Amino acid sequence: MIKSSVLKQLSSIVENKNFYTSQEDKITYSYDGTPLLEHLPDAIIRPTNKEQISHIVKLANKEHFSIVPRGAGTGLSGGSIPVENCIVLDMSQWNKILEIDTENLTAWVEPGVITSQLHQEVEKIGLFYPPDPGSMNICTIGGNVAENSGGLRGLKYGVTKNYVMGLEVVLPNGEIIICGGKNVKDVAGYNLKDFFIGSEGTLGIFTRILLKLIPKPQTSKTMLAYFNTQSDAGKTVSAIIAQKIIPATVEFLDKTTIRCVEDFAKLGLPTDIESLLLLEVDGHPVVVEEEAAKVVECCKRNNAIEIKIAGTEEEAMRLKTARRSAFSALARTKPTTILEDITVPRSSVAVMLEKIQVISKKYDIQIGTFGHAGDGNLHPTCLTDERNYEEIGRAEKAYEEIFVEAIKLGGTITGEHGTGLAKKKFLHLVSGYTAIETMRTIKRALDPNNILNPGKVFDL
Amino acid sequence: MTTVRPNNFFLETDIPSNDVITNCMHCGLCLPVCPTYAITGREKSSPRGRIRLIKAVAEGTLDVTDGFIEEMNFCLDCQACETSCPAGVKYGSLVESARNQIRLLNKQSFLEKYLKKIFLTTVISNTRWLKITAKILRLYQNSIVEKIIQKNKIIYFFVSKLVQLQKLSPRVDKLFFDEQHPEILKPNGVSKYRIGFLSGCLMNVAFAKINEDTIKVLLHHDCEVIIPKEQVCCGSLQAHNGDFEIARELAKKNVDVFSGYDLDAIVMNSAGCGALMKEYGEYLKDDPKYFQKAQKLSNKVKDLSEFLIGIGLKKTERKFTKRVTYHDACHLIHAQKIYKEPREIIQSIPGIQYIELNEASWCCGSAGIYNVVNYSDSMKILDRKMENILSANPEYIVTTNPGCITQIAYGCKTRNLGTQVIHLATLLREIYGI
Ligand SMILES: Cc1cc2nc3c(=O)[nH]c(=O)nc-3n(C[C@H](O)[C@H](O)[C@H](O)COP(=O)(O)OP(=O)(O)OC[C@H]3O[C@@H](n4cnc5c(N)ncnc54)[C@H](O)[C@@H]3O)c2cc1C
């Protein structure tokens, strides 16, 4: 517990209306989107400028309490879940787009800007910010950078890290730095900026973010392909890539997920098929036509039973929105959805899908799988009930086995949700102990008192 | 007798459902559509946060504190979160149960307790009392007293709260609706459908014209309209404010009354009432004597737009060459999931220039008696609606709920806009020239 005298000092840093210690506030900042994890903070603080943040960080070093940065709390690895003796630093009100530079194709934003709001603003002027996580209508750019989030367009356009050009960061000692900038090329010194991307709130607090924008693709074509088996869909993915086509989107949904999504979104999806792929190609109209035809051809060769092409942009949007709801829609079957985030090389998607099915049977747990198949990133989601401890135990065993299988295929335990609290005990499986020790060395050097989001990613 | 459970700060009757609470996986997809979260940006004023608070009380880690009560009452119960929730969490039922608990635990504030009690349990739940009250209000609204209060600044200052409220309260009609009609109305030609009609509590005394318009439209569509004399208020304002006992009593009475006629449908012109009557079965599910009867009745309840599209809307040659927009009443779009039908009707009218309102399904802040009890929050929510209306710049705003009509009309008047706010039934009657 943070001493009340310290809380008092903290409260004097910000205006009254930006400091909360009520039980109701503590309870509602005790979780993020991660199942089964929660912890009460001692207070919630909403700084309004970087000097206040610096001040708070310095006080934390002096008085030995921890700071947990928080965006919208949609994280899926427990990144913004409070820890012992901590305050939550709520950045969600830092929601201004500061500048859109149409000559350099960049945008300076505050970290609390909601991802889809940035999309809307830049698209108004013919520009494009590709990263589009399923949670884009509420998650923040700060959270995206801290988790290095991906999205539906990752296959062609990459993930958040491919669009971060610069960062303003409050360091764990309270100093403020700017790294990166509008230069397309810049090799002066270490590449510090990349260092903070994906650091999950453990190395610094972002106060401004410079993003790269690109021209908006002229046109796009969105398709659905239905399959009788999961592995046919998996093989289609490898086949498309082997054809040297990089679609913007290749998303996979299994039968359980299709049923839940249909139940929510009422799109008229068939509920008796084993799997489907949602595909989108975009770019110059001529290229789009040509690539779409090749994609359709690949689907057919891999036994697609039906291929549907979205007639209007609205229809395409509805399909993608429905896909984004997949994770939450799975909770229609059972209340607790524990979702994983394994990634394998794209050529192994079909094999991995089969392994997941085998493991699901072995441990007798219901798994619904969907994911960014084009990136090799799958979300096998265990459907359970947090009140059934025995089943949760079995699910945990199943996941360990899934991780091991993914790693055997050259994969990883998390593709986009981060390590946080949820995956830290498995980190060594993929990075090895020496790499974790290297990370610890970096953390100790920057944050000797371990005040910034301690216990996330690894324990010191 | 109700007893307190040791690990639970709720009473045992009508406890917020543990299944519904667990169903929320706290993903946060409800946050962007919540009007109260948009005001404070604080997690506790979001659906995800409120569910967590209810869970905490149910698990005995939070008492029914003032802070808890405040959040439960700050919620509009607009249920936009339900529409956006992929997991299908029935949030509305949780908040309503929590409000019922607050009432049972006797923890409402003084003002709320008496205001809500007098208004919800005595006045509108009882037709005789409602009419007496409405008559007094009618006298007041026509009297010199109203004009003096509105003009005299000093009195205005002291009674400003009252004045705000009275501007927001609907004008009482000269003639109450149910006093103008026989119980059964027949169409001109052959009658194809037997329709039950709820004249409503407030609709009956303050929106008689809309009821009139609805009946005319139904008759025009070859319906025989039955307005049972014995019917009572539907109970929706009470249920949404968490007074389940009264709501159930009213529901039972209406189930008895309407089941006495052999009806094809019960057609509603108030979204809030329709939403509740469609849930009579749910509210009476633990009552073996009523459950089936109630469910059967609920299945017959249709919103006017839903009913007309279902039977086939009659065509008209008359033109309505105006700029028209549509505001979704929360209890139509979110509670009843009716989105397409009203738009389809409006767009089918010859000559109409239809403009889709930005954020059409965002609550207007009326929310039953919310604009009376939480006036200033309700005005912030109305501001957002009015901004969207200003940029759409319509001549007419069509909607399907009396509360929304009063609230948005108030918004237009205080901004000196000439925009008319009308019910869909009124528009239809106009274009059919009946
Ligand atoms: C329904 C759903 C769908 C999702 N789909 C995807 C998807 O497709 N792809 C994907 O990659 N993820 C997805 N996610 C996960 C999640 O949305 C992302 O990780 C997102 O980036 C988190 O953003 P947030 O604003 O909610 O951050 P939070 O959850 O609040 O925080 C995440 C991390 O960022 C840190 N942080 C936040 N702000 C700052 C700051 N200003 N400075 C430093 N650190 C900060 C926090 O400490 C924490 O470690 C999904 C989540 C849900 C619930």
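Me: Why is the meeting of the D282(A) and K156(A) side chains called a salt bridge?

Reply: Happy to start there: the N to O distance is 2.6 Å, and a salt bridge needs a side-chain nitrogen of Lys or Arg within 4 Å of a carboxyl oxygen of Asp or Glu. The pair D282(A) and K156(A) therefore qualifies. This is a predicted model, in which local features need pLDDT of at least 70 and side-chain atom pairs count only at pLDDT 80 or more, while totals for chains, interfaces and linings use all residues. Residues are numbered from 1 along each chain as its sequence is written, chains are lettered from A in the order in which they are written, and side-chain values use heavy atoms, without hydrogens and water.

Me: What does "bury" mean for domain 2 and domain 3 of chain A?

Reply: Buried area is the accessible area (1.4 Å probe) that two parts lose on being put together, summed over both. For these two domains of chain A the figure is about 1,100 Å², with 55% of it on carbon and sulfur atoms. On the domain 2 side, L152(A), L155(A) and K156(A) lose the most area, together 65% of what that side buries.

Me: How many salt bridges and polar contacts link domain 2 and domain 3 of chain A?

Reply: There are two salt bridges, and five residue pairs are in polar contact, both at pLDDT 80 or more. A polar contact is a pair of N or O atoms within 3.5 Å; within protein, one must be able to donate a hydrogen and the other to accept it, and residues adjacent in sequence count only if both atoms are side-chain atoms.

Me: Why does the pair K44(B) and D25(A) count as a salt bridge?

Reply: Its N to O distance is 3.7 Å, which is within the limit, so the name applies here too. Between chain A and chain B the count is six salt bridges, and 17 residue pairs are in polar contact.

Me: How much area do chain A and chain B bury between them?

Reply: About 2,700 Å², 56% of it on carbon and sulfur atoms. The contact joins 36 residues of chain A with 34 residues of chain B.

Definitions and conventions
Contact means heavy atoms within 4.5 Å.
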